[in-house]
Each structure stands twice: as C-alpha cells, then as structure tokens.
Amino acid sequence: MTAKSNKLNLFDFTMIVVSLVIGMGIFRTPANVAKASPDTFLFFAAWIAGGLVALCGALTYAEIGSRLPVTGGYYKVFSYAYHPSIAFAINCVILVSNAASLAAVALVGGEYITGIFIPLSKDIEWMKVAANISYIQTIHIIIAIVAIVIFYGVNLAGLKMSAKTQNVLTVIKIILILLLIAPLFFADNSAVSQITPSAINPTFKEYIKAFGIGLVAVSFTYGGYQQTINFGAEVDNAPKNVPRGIFFGIAIIVSLYLTINYAYIKVIGFDTLHQPETKNIAAIMASKIFGVNAERVLSGFLFLSVLAYVNVLLMSNPRVMYAMSEDKILPDVFKKRNPKTDVLTVSLSVFAAICIIIIFWAKEFDRILSFTIFLDCFGMILSAATIFILRKKTKHLDDTGIYKMKLFPVLPLIFIAAYIFVAISIALDYKDNKHAALTGLAVMAVFTGLYFLLDKLKKNSR
C-alpha cells in the first residue's frame, strides 16, 4: 500500500497562486491606472499586460524554486547565483519594499476608515476641496501609524495569527470581491456612456509613457506570485501541475480583476475614475448603488482587511531578519528574543520603525507606490535572471522530475524586460516619481556598502 503524498495537488497549488496575489491593491490602484490612462483601451491593456507579465514571472520563479529548493528566502538564491553582497543588498531592499507595501496599505486603510465618518462619494465638490486640505492627509497618516502601533503591540505580546483569523481574512476578501462585482447586476446603463476615450489625443511617446506609469500600479496589484519560488519542489507531479496551476491561478486573477475594473467603470464612469481626487473607489461604487450606509459598511470591511495585512507583514518580516542573522548576514542582535513571549523584539521593532518612517517620509499612497515598485524592480529583475545561471549550474537535475518551463528563455526575458520598462517609466516620470527613483537607488547603494562594512568589521573581530 502506497503512502498518501503530502505534496500539493493541482487545486491546492492553484488556490495558493490566487491567494498570494489578490490583496488590497484592487480596491485602490485602478484609480491610479485610470489617472495615467488617456482612454479605456489603455486602461484595460495595462491590466491584461500585467497578467501576462505575472504569468511569465510565476513560471520563472517556480522553476527557480524547483532547482534550488532552499529555505532562507531570496538570499540563498542570490548568494548562490551572484555574490553575497548582492544577496544582502537585495534581501534588505525587499524588506524595505515590504515595509513600504505595509505603509501603503495602512494609508489606504486610513483613506477608507475616514470615509465611514465622512462619506467621500456624497459630495464630489467636497472631495475636490478636501483633496487640498492637509489635515485630511494628516488624519490618514495618524490612522495608518496607529494601526501599525496597535499590531506592533499585539505581536510584541506574543500573540500569533491563528488559522481561524486567516480564514476570516479570506472570507472578507471574497465578500469584498463579490460586493464589487454585484453592482454589474444592479446598476442601470447611465454610467456606461462614460466609458469613452479622453478628448485628449496623446502622441505615441505620451501613450507609451502613460502605459508604463499605468503598469506601476498594476504591478503592485499583481504582486505576490513571486512567492511560488517556495512551492516549486512541493507540488505533486511538478512538470505537469506547476504550469497548469500557475496558468489557472493567473487566469482566475486576471478574470476577476478585469470584471471588477469593468464594474468600476460602468458604475463610477471612466471620467470620474480618471479624476485626481477619486481614491476610495470601492466605497464610492457601493454608495452609488446601495447608498451611503453601504459605503460605510464596505469601508469597514476594507479597514479590517488592512489590519489583517498589517499584522501578517509584522509577523513574517522579522522572521526574515532572524534568518539573515542566523546566516551571519545581520548582527546577532536581530536574533534576540523575549524569554517570556519568544518574540523577536529587535527585529519586530526595527521593521515597525521602518514602516512608520516610510509613512512620515512619503505621506501618501501614490508616492509610496512608486517607491516600493521601484525597489521591487531590482529584486524582480535580478531574481528572475538567476534562472539563466541556475540552468547551467543545476543541469544534472533536468531529468529528475523537477519543473522545467517551456518557451525558455522567452518567458523570463519578457518578465525582465517588463520590469526594466516599469523602472524606466518611474525614473522618467520626473514630476511625480523623481524622488522615489532616486531614493530607491540610494537605498540599494547604502545596503551594498553596508554589506562590505559589516563584512570588514566581522573580519577585524576575528
């Protein structure tokens, strides 16, 4: 009698792909994509292109994980393929990027929870005035920081997120997505007339620039698939089920995202979505169909999702810092635990502090979005490129049943080219993203230099 396999089946892996990607972004970033897009064609083209890039990336990371199934995150992969200095710098950049993502989502929570007390969709003119009032922004910042401090305290006390909490979060996400799609069946056709191209006729160069800026927000919304690097060796019949699971998972995500975005445009209208002051799009849409009370309920659900996301990142990232300390990459102090609660006090405190500093520095979601995606570009490009090195170094694994992608090297090259394009788009958008790009480069340089400094101190202490 054969023992039952503990590996993931096709359905398990497909659901993992979906759960890794669908988060808070879809409730905010479509407004950013609309602002960058001169018409609805480019708006939807950005979402479809983002899905194809995610598919290429997920398949690439799945093979990387199959060829080098190690614990320790990206550090081991980078160290094996490149040099420990690059591994250190990129891993630290990813930590800062994760902190920026947490800060960005916390600010989105601030925007939505404010809508419970001040329904933003009730008066569009009020929105235009409020957009220029600094104290509204201050309220968002305070709420975001309070959320981080609360869950910093929760984690500091030693409380862990249980499986039940994760299930509740999943249910909340499903409810939110269904609520966003529901207006398609309740809305009249009055808003459909707003699904029209902008009166502005951009040049080809402006069109390409707009597409690149749109992809910045889309990339944030599709993020998460890179974690398939941790599952490539854990899937049953990997050569067959990995590509199928990724294809089905990304297809489900793209279908949901396109449907939700169509609902936004049908109910709110592209012209309204395109306006600078439009932010809380999910709550605005609920209000248009079901009234202000529905807007408040949806805003509350979204804030709960934000709190859960904040808690998850505050739990997971200090453990990455602990792993780096165990590998002698970070100082031993990052391994320090509270003897009573077994909490990684230093790592947790440092990560929470980074999140709060980023909120104070950026102050708004849009600025953090550019910063975190610019940082992600380094990690995405360099990590995907390891497949070319790993294929040579682990050629002996080719016929051992590991997952090996088809259409190589086309898929990783498409993925790398897409993120180079996104990074260039951020860097060239001087008006809004110049500081984000320069800060991203500075962060990368500082961590690279810090590696050599720590390495030198380590050698001198011997």
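Student: How many cavities of 30 Å³ or more does a search of the whole structure find?

Tutor: The search finds 2. This is a predicted model, where local features need pLDDT of at least 70, side-chain atom pairs count only at pLDDT 80 or more, and totals for chains, interfaces and linings use all residues. Residues are numbered from 1 along each chain as its sequence is written, and side-chain values use heavy atoms, leaving out hydrogens and water.

Student: What makes a space a cavity?

Tutor: On a 1 Å grid over the protein atoms alone, a cavity is a set of points where a 1.4 Å probe fits but cannot get out. The largest cavity holds about 80 Å³, a volume being the space filled by probe spheres set on the points.

Student: Why do residues such as Gly50 and Tyr222 count as lining the largest cavity?

Tutor: Lining residues have an atom within 4 Å of a point, and Gly50 and Tyr222 are among those lining the largest cavity. α10 (204-222) is one of the elements giving two or more residues, and its share, 4 residues, is the largest.

Student: Why are α3 and α11 called roughly antiparallel?

Tutor: Their axes (lines fitted to C-alpha atoms over the stretch in contact, with angles from 0 to 180 degrees between N-to-C directions) come within 10 Å and cross at roughly 160°. Angles over 145 degrees count as roughly antiparallel, so α3 and α11 get that name.

Student: How do you know which residues meet there, for example in α3?

Tutor: Contact means heavy atoms within 4.5 Å; Trp47 in α3 and Tyr257 in α11 are among the residues of this contact.

Conventions. On a 1 Å grid over the protein atoms alone, a cavity is a set of points where a 1.4 Å probe fits but cannot get out, and a pocket is an open set with protein on both sides within 12 Å along at least five of seven lines; lining residues have an atom within 4 Å of a point. Angles under 35 degrees count as roughly parallel, over 145 as roughly antiparallel, 65 to 115 as roughly perpendicular and the rest as oblique.
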